[in-house]
Amino acid sequence: MVEKKRAGFFPFLLSHCPRCGKGKVFRNKILSFKKFSDTLDQCPKCNLEYEPETGFFFGAMYWSYALLVGATVILSVLLYYLNYFDQAVYIIPSLILFSLPWVFRYGRLLMLYVVYPIMYKDKFYGDNS
Ligand SMILES: [Zn+2]
(Lines give C-alpha, C1' and ligand atoms only; values in the text may rest on other atoms or scores of the structure.)
Protein backbone atom coordinates (compact mmCIF):
# COMPACT_ATOMS: atom_id res chain seq x y z
CA MET A 1 0.00 0.00 0.00
CA VAL A 2 1.20 3.49 -0.85
CA GLU A 3 2.06 5.83 1.99
CA LYS A 4 -1.01 7.95 2.71
CA LYS A 5 -0.07 11.59 3.13
CA ARG A 6 -2.62 14.08 4.32
CA ALA A 7 -2.42 17.65 5.57
CA GLY A 8 -2.87 18.23 9.30
CA PHE A 9 -4.91 20.53 11.49
CA PHE A 10 -3.17 23.85 10.76
CA PRO A 11 -3.62 23.64 6.98
CA PHE A 12 -7.30 22.95 7.74
CA LEU A 13 -7.55 26.10 9.86
CA LEU A 14 -5.74 28.10 7.17
CA SER A 15 -8.05 26.75 4.40
CA HIS A 16 -5.25 25.00 2.55
CA CYS A 17 -5.29 21.89 0.37
CA PRO A 18 -6.18 18.64 2.23
CA ARG A 19 -3.44 16.68 0.44
CA CYS A 20 -0.33 18.90 0.29
CA GLY A 21 -1.35 21.51 2.87
CA LYS A 22 0.19 24.31 0.78
CA GLY A 23 -2.21 25.34 -1.98
CA LYS A 24 -5.21 27.54 -1.30
CA VAL A 25 -8.75 26.14 -1.51
CA PHE A 26 -10.68 29.40 -1.89
CA ARG A 27 -10.19 32.06 -4.54
CA ASN A 28 -10.80 35.15 -2.36
CA LYS A 29 -10.31 36.27 1.24
CA ILE A 30 -13.07 35.36 3.67
CA LEU A 31 -14.15 38.98 4.15
CA SER A 32 -14.77 39.62 0.46
CA PHE A 33 -18.49 39.97 0.99
CA LYS A 34 -20.02 38.35 -2.09
CA LYS A 35 -17.19 36.12 -3.27
CA PHE A 36 -16.06 34.37 -0.10
CA SER A 37 -17.54 31.12 -1.42
CA ASP A 38 -15.58 30.88 -4.70
CA THR A 39 -13.65 27.63 -4.55
CA LEU A 40 -10.71 26.89 -6.86
CA ASP A 41 -11.10 23.98 -9.31
CA GLN A 42 -7.84 22.34 -8.24
CA CYS A 43 -4.89 22.84 -5.91
CA PRO A 44 -2.32 25.22 -7.46
CA LYS A 45 0.55 23.22 -5.84
CA CYS A 46 -0.33 19.50 -6.18
CA ASN A 47 -3.18 19.67 -8.74
CA LEU A 48 -5.68 17.85 -6.52
CA GLU A 49 -9.12 18.30 -8.07
CA TYR A 50 -11.24 19.84 -5.30
CA GLU A 51 -14.60 18.66 -6.65
CA PRO A 52 -14.22 14.95 -7.51
CA GLU A 53 -17.75 14.77 -8.90
CA THR A 54 -20.59 17.20 -9.58
CA GLY A 55 -22.50 18.03 -6.42
CA PHE A 56 -19.72 16.91 -4.08
CA PHE A 57 -20.07 20.08 -2.01
CA PHE A 58 -23.80 19.52 -1.35
CA GLY A 59 -22.61 17.40 1.57
CA ALA A 60 -21.09 20.54 3.08
CA MET A 61 -24.61 21.57 4.07
CA TYR A 62 -24.71 18.75 6.63
CA TRP A 63 -21.37 19.82 8.08
CA SER A 64 -22.54 23.45 8.22
CA TYR A 65 -25.72 22.37 9.95
CA ALA A 66 -23.74 20.35 12.49
CA LEU A 67 -21.39 23.28 13.13
CA LEU A 68 -24.30 25.69 13.66
CA VAL A 69 -26.23 23.33 15.95
CA GLY A 70 -23.09 22.67 18.01
CA ALA A 71 -22.35 26.39 18.29
CA THR A 72 -25.98 27.14 19.25
CA VAL A 73 -25.98 24.52 22.01
CA ILE A 74 -22.63 25.70 23.41
CA LEU A 75 -23.68 29.37 23.25
CA SER A 76 -27.04 28.61 24.90
CA VAL A 77 -25.37 26.83 27.82
CA LEU A 78 -22.75 29.56 28.12
CA LEU A 79 -25.33 32.38 28.09
CA TYR A 80 -27.47 30.49 30.61
CA TYR A 81 -24.60 30.23 33.08
CA LEU A 82 -23.64 33.86 32.52
CA ASN A 83 -27.26 34.91 33.24
CA TYR A 84 -27.74 36.36 29.75
CA PHE A 85 -30.22 33.72 28.64
CA ASP A 86 -32.99 36.30 28.04
CA GLN A 87 -30.77 38.07 25.52
CA ALA A 88 -29.86 34.78 23.81
CA VAL A 89 -32.76 35.34 21.41
CA TYR A 90 -30.82 38.29 19.95
CA ILE A 91 -27.23 37.23 20.57
CA ILE A 92 -27.30 33.76 19.00
CA PRO A 93 -28.96 34.70 15.66
CA SER A 94 -26.62 37.70 15.33
CA LEU A 95 -23.56 35.52 15.88
CA ILE A 96 -24.90 32.93 13.43
CA LEU A 97 -25.40 35.60 10.75
CA PHE A 98 -21.94 37.02 11.39
CA SER A 99 -20.29 33.59 11.24
CA LEU A 100 -21.96 32.36 8.02
CA PRO A 101 -18.90 32.85 5.77
CA TRP A 102 -16.77 30.81 8.21
CA VAL A 103 -19.45 28.13 8.60
CA PHE A 104 -19.82 27.88 4.82
CA ARG A 105 -16.09 27.56 4.28
CA TYR A 106 -15.43 25.10 7.09
CA GLY A 107 -18.36 22.98 5.90
CA ARG A 108 -16.63 22.68 2.54
CA LEU A 109 -13.24 22.11 4.17
CA LEU A 110 -14.69 19.30 6.29
CA MET A 111 -15.95 17.67 3.09
CA LEU A 112 -12.44 17.95 1.64
CA TYR A 113 -10.61 16.80 4.78
CA VAL A 114 -12.97 14.07 6.02
CA VAL A 115 -15.15 12.78 3.19
CA TYR A 116 -12.82 13.15 0.20
CA PRO A 117 -10.01 10.83 1.46
CA ILE A 118 -12.58 8.17 2.45
CA MET A 119 -14.88 8.20 -0.59
CA TYR A 120 -12.39 9.06 -3.35
CA LYS A 121 -9.20 7.27 -2.26
CA ASP A 122 -7.96 6.85 -5.84
CA LYS A 123 -8.23 10.53 -6.70
CA PHE A 124 -6.98 11.73 -3.30
CA TYR A 125 -3.94 9.47 -2.94
CA GLY A 126 -3.43 8.93 -6.66
CA ASP A 127 -1.14 10.99 -8.87
CA ASN A 128 1.41 13.47 -7.45
CA SER A 129 1.10 12.20 -3.87
ZN1 LIG B 1 -2.44 20.50 -2.81
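Which residues is Val25 in contact with, leaving aside its neighbours within four places in sequence? I started my notebook there, keeping in mind that this is a predicted model.

**Entry 1: Val25.** I looked up the contacts of Val25 and found Ser15, His16 and Cys17, then Thr39, Leu40 and Tyr50, and finally Leu109 and Leu112; neighbours within four places in sequence are left out here.

**Entry 2: the core.** Next I turned to the largest nonpolar core, which has 15 residues. Val25 turned up again, listed with Leu109, Leu110, Met111 and Leu112 as the members that touch the most other members. The most comes from α3, which gives six residues.

**Entry 3: the span of α2.** I took α2 on its own and noted 22 residues. From its first C-alpha to its last, α2 reaches 32 Å, close to the 32 Å expected at 1.5 Å a residue.

Entry 4: Which residues of α2 are buried? I found Ala60, Trp63 and Ser64. Looking down the axis of α2, I saw these buried residues fall within an arc of 95°, so they line one face of the helix. Part of the cover over the buried residues of α2 is α3. On the face turned away from the buried side I listed the exposed residues Tyr65, Val69, Val73, Val77 and Tyr80.

Terms used
Residues numbered from 1 in each chain as written. Predicted model: local features only at pLDDT ≥ 70, side-chain atom pairs only at ≥ 80, totals over all residues. Core = buried A, V, L, I, M, F, W, Y, C linked by C-beta atoms within 7 Å. Buried ≥ 20, exposed ≤ 12 C-beta atoms within 10 Å, placed from the backbone. Helix = DSSP H or I, 4+ residues; strand = E, 2+ residues; numbered from the N terminus. Contact = placed C-beta atoms within 7 Å. Expected span 1.5 Å × (residues − 1). Arc of directions from axis to C-beta.
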